[in-house]
Amino acid sequence: MDFDLKPEHQALRRFVREFVQEEIKPLVKQIDRTSLVPDELLKKAAEAGLFGIPFSQKYGGMGAGETGYCILMEEMGRADASTTAIIGAHIGIGVMAIYLDGTEELKRRYLPDLCAGRKIAAFALTEANAGSDAASIRLKAVREGDSYMLDGEKMWITNGPIADVLSVLAITDPSLGARGGATCFAVETKQEGFSAGKREEKMGLHGSPTAALKFDNVRVPRENVIGKVGLGFVTMMKTLDIGRVSLGAATLGGAQATLEAAMQWAKMRFQFGRNLANMQSIQFMVADMAAEIEALRSLVYRTAWLVDAGRPFTKEAGMCKLLGSEIASRCIDRALQIHGALGFTRDGGVERAWRDSRINEIFEGTNEIQRIVIASELFQEIGVRIRP
Amino acid sequence: MDFGLTDEQQMFRDMFRSFSQKEIAKVAEHTDKEEQLPPELLNKAAEQGMLGALVPDTLGGAALDPLSYTLMLEEIGKACLSTAAVICVHTSLATQAVLDFGSDEQKERWLPALAAGEAIGSFALTEPDAGSDAQSVSTRVVRDGSDYVLTGVKSWAGNAGIAGLFVVFAATDPKANGRGMSAFVLEKDMPGLKVGHREPTLGLRGATFHTVYLDGVHVPEANRLGGEGDGWKIASNSLEYVQLALGAAGLGIAQAAFDAGRAFAVERKQFGVPIATKQAIGDYFAETVIEIESLRHLIHYAAWLAEQKQSFASEAAIIKVLAARAARNATNRMLQVHGGYGFSAEYSISRLYRDARALDLMGGTPQIQRVLLAQHVFASTGVEVKP
């Protein structure tokens, strides 16, 4: 066993940390207030190669694998959840679907632009009546000559309003439904008939654009099928599995950053003639935060190692997302409590982290779904099949 | 034992419920967005007797019994926690200090205006360096003939942005810690009193919390509540009342979250069934009911103690901790029940979730309540528990 990161991954961490420090940190408050991650920042991130970190150099990526991608998400998660969500939705699920199951031709066509950040990707699965029950999607794709015509709506799509390329799941065979009758497509948003709705107003993650998407008979060439016709649901689920690992990494960064902030405050703040660091109830909160964060760090990087080693990781990925989101919420909440009333103001960063982090327990599969996924995997090992 | 409400209490509850739903709940979203209460709202609340809830009717109050007072705050909290917080600060913190420690003359001077909402009450105890350690206020007060002169800075003064009267605590003898603190009633336009920076808050955005500067404010002796050195006793009394009041408001917001979550869980179908039928979702509601019901009964018990003129200090501390927990867990669970809709500003649950977060800070953190309770637990053993 060797728990040290490889030299190239260590170098990547230093590189990303510096980028985050210099380019993202100064904008964090502005991003929250204006509900916008500036194009300029995304451009700089693209130039730094951040949009293609895990993917093979053959397609213009950095070739840093899942471990490298987790390093990126952790370091970005320390500073700004909105920017992290944009790049995470792009790499972790939007591009990932094409990378995992796309034909060589499709990959050569889209990945170089996507890895370079010249184009932005999104992942479009959820619909108004298909949230946790993703298999109930209705958006349909009807074959017409060498094309498919996509018709229907998607909802809560992260990056929806800014994406150039979408990985979309549509029903190609209504008689079979999602399992066996759904197909995944790479769809260009410049196609006629596509439109993104207005950005959702949310409690947090203000800079991450989320919208409903409308497909009014959008023509998609047959070559843009990702994976096999009828097996799109599998592609989507496989993609989500990987995305969950990096979401764990992003929450790890957020939790770690607030622990550090809370400790600094506990050192500075004096009440009853001593600093908060010398109060047992504060010490215990800090100890609990640190213990949970360490456990999460081990889980996330071990799971990234499973992915990179080509081993099964579905159960562990669910655990990364489940534990990560709940540990981050708890740590950020404790950090807010340690900051006292100051933590409740929009003048400090903890308040924003508190609003931002709540969605982690919901999106990319609610934590209820993660628990079902983990339990399914576990019971399957002893021959029991469970249904949601 | 009788767990039922009297006819009068039921009448009050129905009246407060109908007013809160009609006048407060419908503007709650607007209150949050605009970060202030609609201008007429407090006047209307005053007409309902809400601003003089515990004030005797001879002085223009509603003369409610303590239980009816908690029912009132439960209903307001259910409609809008910002509004409930404003009313808690006004009635339990500011008005209660005058009610319990003012001379007959002071009561006649201030209570009718407070009850009628002509003057909203603010409470200025906390300072930048005196938060949980509230006894160590450093605002100085010195004698100047028949006047006192107050100098210092107060932070997080509730209602300061809309107040006409301020109950202010200052150290007459800074070396004596809490025992050297006195309480004064200041009027908004006294020279030297300046309401400064308003805190931009995560939740409770309709309530106002400000820094208040006291720059040599001359206060006549007639404006001192109680005797010199009575400040901490007065502050503690107000804090006990506000813990009970915020507890009731917390019960209200927990109930509101519960109601919204239940409606959503029945309506929302996934896997072909309402999500309410899922065991995991059912568990969320069961846990929420456990917390809501235990809180409700403890509040009724504390209100009964108050009615009997018995001390409810430790019950108030328990209620404060339990109410914050119940309200925060309820809003958090019900937000989760809403799924993606829960994170959207389109549904009210995310506002409730932000508002409820205040309950672990305002009126004393659970950390400080636990210290008080530990002191209470060990009091009879001779062991002294320090914060």
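User: What makes α4(A) mostly covered?
Analyst: This is a predicted model, in which local features need pLDDT of at least 70, side-chain atom pairs count only at pLDDT 80 or more, and totals for chains, interfaces and linings use all residues. Residues are numbered from 1 along each chain as its sequence is written, while chains are lettered from A and ligands numbered from 1 in the order in which they are written. In α4(A), 13 of its 13 residues are buried. Buried means 20 or more other C-beta atoms within 10 Å of the residue's own; exposed means 12 or fewer, and partly exposed lies in between, with C-beta atoms placed from the backbone.

User: Why is α4 of chain A called a helix, and what span is expected?
Analyst: A helix is a DSSP run of H or I with at least four residues; a strand is a run of E with at least two, and both are numbered from the N terminus. Helix α4 (residues 65-77) of chain A has 13 residues. The expected span is 1.5 Å times one less than the number of residues. For α4 of chain A that is 18 Å, and the helix reaches 18 Å from its first C-alpha to its last.

User: Why is A:S35 called partly exposed?
Analyst: A:S35 has 15 other C-beta atoms within 10 Å, so the residue is partly exposed. A:S35 sits in the loop between α2 (28-34) and α3 (39-47) of chain A. Its phi is positive, about 55°, although A:S35 is not a glycine. Most residues other than glycine have a negative phi.

User: What makes B:F271 partly exposed?
Analyst: B:F271 has 14 C-beta neighbours inside 10 Å, so B:F271 counts as partly exposed. B:F271 lies in the loop between β9 (269-270) and β10 (273-274) of chain B. Phi of B:F271 is near 55°, a positive value in a residue other than glycine.

User: How do you know which residues of chain A and chain B are in contact, and how many are there?
Analyst: Two residues are in contact if their C-beta atoms, placed from the backbone, lie within 7 Å. The contact takes 28 residues from chain A and 26 residues from chain B. The side of chain A that touches chain B has 10 nonpolar, 8 polar and 10 charged residues. Nonpolar covers Ala, Val, Leu, Ile, Met, Phe, Trp, Tyr, Cys and Pro; charged covers Asp, Glu, Lys and Arg; the others, Gly among them, are polar.
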